[in-house]
Protein chains: 2
Amino acid sequence: MSAVAKRTRRARARAEEAARPGSTGEKYREMSVAEFFAKNKELAGFANPTRALYQTIRELVENSLDATDAKGILPWIHISIRQIEGSEGRGGRPRYTVTVEDNGIGVPVTSMAMAFGKVLFSSKYVIRQTRGMYGLGVKAAILYGQMTAGTPVEVYSATKGSQYVYMMKLVIDVQRNEPRILERGEWNKRGSWHGTRVTLSLEGDWSRAKSKILEYIKRTAVIAPYAEIILETPDGEIYYFPRSTRKLPKPPRESKPHPHGVDIEQLKSMLRSTRASTLREFLVKEFQSIGDKTAQDFLEKYGLDPDLKPRELLKKGRDKLLRRLADALMEYPFRAPKSDYLSPIGSDIIEIGLRRMFNPEWVGAVSRSPKAYRGHPFIVEVGIAYGGGIEARSEPLLLRYANKIPLLYEEREDVSYKVVSSINWRQYNVDFPAPLVVLVHIASTKVPYKGVGKESVSDVPEIEAEIRNAVQEVARRLRLYLSRKAREEEAIRRSVTLAKYIPEVAVSLAYFLRPPSKWQPPKPEEVKKIQEALIKIVARHIELPPVDGKTEDPEAIVRRIVESVELE
Amino acid sequence: MSAVAKRTRRARARAEEAARPGSTGEKYREMSVAEFFAKNKELAGFANPTRALYQTIRELVENSLDATDAKGILPWIHISIRQIEGSEGRGGRPRYTVTVEDNGIGVPVTSMAMAFGKVLFSSKYVIRQTRGMYGLGVKAAILYGQMTAGTPVEVYSATKGSQYVYMMKLVIDVQRNEPRILERGEWNKRGSWHGTRVTLSLEGDWSRAKSKILEYIKRTAVIAPYAEIILETPDGEIYYFPRSTRKLPKPPRESKPHPHGVDIEQLKSMLRSTRASTLREFLVKEFQSIGDKTAQDFLEKYGLDPDLKPRELLKKGRDKLLRRLADALMEYPFRAPKSDYLSPIGSDIIEIGLRRMFNPEWVGAVSRSPKAYRGHPFIVEVGIAYGGGIEARSEPLLLRYANKIPLLYEEREDVSYKVVSSINWRQYNVDFPAPLVVLVHIASTKVPYKGVGKESVSDVPEIEAEIRNAVQEVARRLRLYLSRKAREEEAIRRSVTLAKYIPEVAVSLAYFLRPPSKWQPPKPEEVKKIQEALIKIVARHIELPPVDGKTEDPEAIVRRIVESVELE
């Protein structure tokens with residue numbers, strides 16, 4: 001049969017298929033998740049060449065940090081961005097080769113191809129605070145590279161225990177969502193290197209992305225001062241962010257699910273896979289925050305049989321009982337989720353970071369105690385910096401972080417923006433334009449991002465309330481500082497005229513207090529005594545408004561002025 | 001071996017595995033896309049019971065509209081929301097059963113299970129303007145139902161040509177992303193019914209979702225006045241939105257890809273599957289906007305061999321040539337994508353809709369000519385309504401639509417909000433607070449949503465510019481109206497004192513113009529003549545500022561006032 005005849009036959013078959021009774025003419029098909037994110041690349045943050053370059057750096061750096069600080073290793077991260085020669089001109093668009101290398105735990109060779117070549121394959125699908133969580137980011141960058149540069153990703157990796165360094169060059173088979181390995185190799189390790197080095201090429205726009213990428217790394221350095229980060233840019237510049245502390249925060253631990261965070265579907269899957277032989281054992285074994293006593297009380301309260309076999313609940317006709325258990329797990333006042341599993345930044349590091357970044361006049365920070373939303377523990381931390389090197393702006397400069405990731409885009413949709421922009425700052429003695437910076441960090445085993453690009457956090461009521469409390473707590477301290485400063489300025493204005501004469505007057509009085517026959521230089525303790533009396537008199541005339549119910553001692557203020565006067 | 005021994009052995013095996021040289025202790029695994037969206041349900045718009053109920057209605061209604069108006073059928077859609085009895089109390093949370101029925105093209109029985117039981121399976125993965133595009137929405141609703149109510153979805157469907165009505169009850173196997181059919185049936189059709197009826201249960205919050213759901217359906221009715229929509233609420237109310245026109249917009253057609261929208265990955269897949277035997281044939285056959293002449297010019301310009309076999313480009317060592325072709329396809333100034341494939345609303349329907357919804361004093365709308373971004377054609381339409389029944393607000397009330405879907409959430413991140421809030425409305429004679437409504441509709445074969453929940457549109461520069469042009473175009477008309485109104489009001493104020501005496505004076509003058517001997521009632525034509533002269537005199541004293549270079553005739557204004565005076 002000729003090619004033409006073949007084609008005609010195929011066309012006819014399709015027409016018949018479409019005309020078949022019951023057909024709607026619609027063509028149904030399946031799409032792999034890799035194809036889905038390739039076709040809709042803006043969903044993962046790859047909307048244009050600028051965002052794509054930024055997002056690529058982000059995803060690689062976040063993986064590197066997860067492989068280091070979250071594993072007790074002091075991070076060393078080397079980022080290099082190079083423009084590919086001749087990538088412009090004659091229809092060419094600027095393309096870059098990005099390499100990120102770290103000293104992390106590495107990727108075992110058995111998982112390497114999948115970890116870089118299959119969307120939704122990850123080690124982060126456990127209950128734990130990590131920067132990554134979707135198993136998507138780096139793969140989205142690799143896909144974007146394939147689509148815009150047509151080149152494979154190259155990965156070198158060695159784990160701590162392994163004797164070898166492994167290499168793979170691969171592409172993602174978009175239709176099947178599987179890795180296709182083009183080249184592989186292994187070498188005997190020299191030295192003790194472990195870590196991962198990823199190289200990929202993509203279309204980008206460095207001139208526009210530069211400021212965002214630098215800002216991202218600066219903000220990362222603020223809250224990870226224990227990391228050493230080197231950035232080589234296509235302009236040939238090298239930015240070096242040295243380590244300023246060797247103190248690592250406690251790495252996050254993995255946890256079991258909290259009963260408030262478990263839906264029916266998940267409950268079924270837990271009932272299917274549990275090795276517990278009774279409902280009571282199931283509760284104690286598979287959940288956090290349920291001990292023997294709690295389990296007993298819980299089962300009694302909802303009239304559930306403690307000795308029921310878990311698999312019984314999956315049988316036909318047990319739907320209602322299953323739903324009752326699911327509802328009860330959501331409702332019962334279990335202990336809040338444990339914060340052991342979280343790794344906050346800590347108020348010290350936040351204050352150090354803000355000081356280093358802005359050199360402000362005043363800094364305050366708080367790391368709140370853990371709370372939970374729908375069974376997910378979270379901690380909110382807030383830092384505020386004021387004055388000094390900060391520029392005055394018409395609204396606070398907001399620095400947002402989630403699980404130690406700086407968030408730079410989509411600020412106005414973020415819960416932190418919602419809170420910070422709704423605060424009545426006048427109440428805290430801040431009148432805009434003002435030199436005010438607010439840093440908000442949300443740490444959680446599940447950050448409720450609005451999109452897979454991880455740029456803004458949903459306004460979950462529990463998180464919103466905690467951010468508000470935290471901001472208010474630090475803002476109250478700022479108010480205290482600002483009103484003390486204002487009061488001092490006022491007190492100084494009022495009393496400085498008087499107070500600055502005190503030392504001289506005291507000396508003169510000391511002379512005059514003796515009869516003229518005994519005039520001689522007064523002793524320091526005499527002068528001191530008179531000075532004290534004068535301070536009391538002047539202080540009596542200073543009225544200070546109370547702040548938060550407390551009034552500062554006016555004497556202390558006068559004394560500070562007196563001490564600053566130098567007698568000639 | 002006892003159960004205990006078995007468990008111990010398993011634990012030991014795991015410990016050994018973790019301690020193996022090269023292991024990092026990390027547990028890697030794959031996640032199905034169904035599990036991904038179940039675990040991260042907020043990504044698809046199911047962040048809480050309120051949003052979930054709203055999103056469920058949306059997804060079902062949008063599918064119904066895609067199955068009707070996009071197929072030339074006048075839509076009839078019946079929505080029912082019922083609270084499940086006894087779903088509250090004793091740890092229970094309110095649950096609802098939602099049913100949406102339509103008179104659409106139906107789902108063929110061969111695709112039914114997959115269309116409702118597999119995430120990323122759809123008939124919408126073609127280049128065409130449809131409301132749905134991800135193959136995700138209804139499945140996300142079904143997943144949410146499974147997770148919160150633990151019940152299957154029930155689907156009835158019949159296509160036009162089929163003799164049967166089919167039914168299936170199914171759940172999505174979350175781990176495998178496959179449908180699991182629990183029950184199925186088929187019946188002989190009585191009458192000619194075709195369409196789809198979907199019923200599912202889920203946890204929701206009707207009291208909070210109500211206003212959003214009603215708003216959503218009202219806004220749908222505004223731009224789909226040809227649809228008949230009935231909504232039964234859990235409160236026992238029935239909202240009926242009757243059809244107000246039988247005129248359907250032209251259904252959208254499917255198109256071939258435009259060369260500006262094709263990346264390297266897609267180009268490879270097209271080269272693999274094409275039946276063309278030369279590069280030249282490939283271009284003409286597989287793309288829109290490339291004819292024989294264009295193909296020739298294109299190939300010459302970039303020095304590409306017209307007779308090259310398409311598959312040659314996929315061979316090793318041809319990477320550079322392939323990239324050159326991909327770049328050239330992006331760069332060459334091909335004809336813009338065809339708008340045949342788009343189905344805009346039309347300025348008439350927008351004006352009718354705004355009038356019906358707000359009963360305003362003034363309405364204007366524009367449907368711009370088609371443009372394209374990255375190879376995707378799009379049309380922007382804008383309507384503005386002012387005054388009358390519209391409440392004054394401190395900023396414009398913005399109604400956003402994309403492919404005829406009303407968008408209600410995340411307004412501040414939307415490109416339309418960005419444009420409308422940046423317009424200097426004073427320039428158009430609008431001083432806030434003002435009674436101003438702005439409607440923006442974006443129709444495209446690919447709407448660049450920011451998230452899979454389809455609530456806000458990214459600020460693609462080409463789209464942003466078009467929205468700005470469209471808003472300005474209609475706003476200029478509004479300014480004309482408002483300044484005419486202002487001028488008329490001013491002219492009236494100035495001349496009304498004079499003008500309202502004109503009729504009486506004219507009659508008096510008519511008497512006086514004859515000698516007293518001939519006094520008798522003047523003839524109407526005499527009065528008319530004098531009146532005309534007086535109008536000219538008065539009008540000469542009215543100065544009107546020119547608007548957009550045109551000055552309205554002052555005589556016409558005086559004449560209108562004169563005509564409105566009634567003589568006693």
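I'll start with B:Ser456, which is buried at 1% relative accessibility. This is a predicted model, so please hear everything that follows as computed from it.

B:Ser456 sits in the loop of chain B that runs between β16 (436-444) and α13 (461-499). Setting aside neighbours within four places in sequence, B:Ser456 contacts B:Arg400, B:Glu410, B:Glu413, B:Asp414, B:Pro448, B:Tyr449 and B:Lys450.

Now over to chain A, and to A:Lys450. This lysine is in the loop between β16 (436-444) and α13 (461-499) of chain A. Is A:Lys450 buried or exposed? Its relative accessible area is 19%, and buried means under 20%, so A:Lys450 counts as buried. Its side chain makes a polar contact with the side chain of A:Glu413, at 2.9 Å. Not counting residues up to four places away in sequence, A:Lys450 touches A:Glu413, A:Ser456, A:Val457 and A:Ser458, and also B:Leu43 and B:Glu410 from chain B.

Next, some context on chain A. Its secondary structure comes to 16 helices and 16 strands. Of its 568 residues, 54% are buried. Among contacts with a separation of 6 or more, 71% are between residues 24 or more positions apart.

Helix α3, residues 49-66, packs with helix α6, residues 206-223, at an angle of about 25°, the axes being 8 Å apart. Because of that angle, α3(A) is roughly parallel to α6(A). The crossing is right-handed. On the α3(A) side the contact residues include A:Leu53, A:Ile57 and A:Val61, and on the α6(A) side they include A:Trp206, A:Ile213 and A:Tyr216. By class, this contact has nine nonpolar, two polar and four charged residues.

Last, the backbone geometry. Which residues does a cis peptide bond join in chain A? They are A:Phe432 and A:Pro433, with omega about -5°. In chain B, a cis peptide bond joins B:Phe432 and B:Pro433, with omega about 0°. A:Pro433 lies in the loop between α12 (415-422) and β16 of chain A, and B:Pro433 in the loop between α12 (415-422) and β16 of chain B.

Two asparagines in chain B have a positive phi without being glycine: B:Asn177, at about 50°, and B:Asn403, at about 45°. B:Asn177 is in the loop between β6 (164-173) and β7 (178-188), and is buried at 6% relative accessible area. B:Asn403 is in the loop between β14 (397-402) and β15 (405-407), and is buried at 3%.

That is the list.

Technical notes. Residues are numbered from 1 along each chain as its sequence is written. Chains are lettered from A and ligands numbered from 1 in the order in which they are written. This is a predicted model: local features need pLDDT of at least 70, side-chain atom pairs count only at pLDDT 80 or more; totals for chains, interfaces and linings use all residues. Side-chain values use heavy atoms; hydrogens and water are left out. Helices (H or I, at least four residues) and strands (E, at least two) are DSSP runs, numbered from the N terminus. Buried means under 20% relative accessible area, exposed over 50%, partly exposed in between (1.4 Å probe, protein chains only). A polar contact is a pair of N or O atoms within 3.5 Å; within protein, one must be able to donate a hydrogen and the other to accept it, and residues adjacent in sequence count only if both atoms are side-chain atoms. Contact means heavy atoms within 4.5 Å. Axes are lines fitted to C-alpha atoms, for helices over the stretch in contact, and angles run from 0 to 180 degrees between N-to-C directions. Angles under 35 degrees count as roughly parallel, over 145 as roughly antiparallel, 65 to 115 as roughly perpendicular and the rest as oblique. A crossing is left-handed if the near helix is turned anticlockwise from the far one by less than a right angle, and right-handed if clockwise. Ala, Val, Leu, Ile, Met, Phe, Trp, Tyr, Cys and Pro count as nonpolar, Asp, Glu, Lys and Arg as charged, and the others, Gly among them, as polar.
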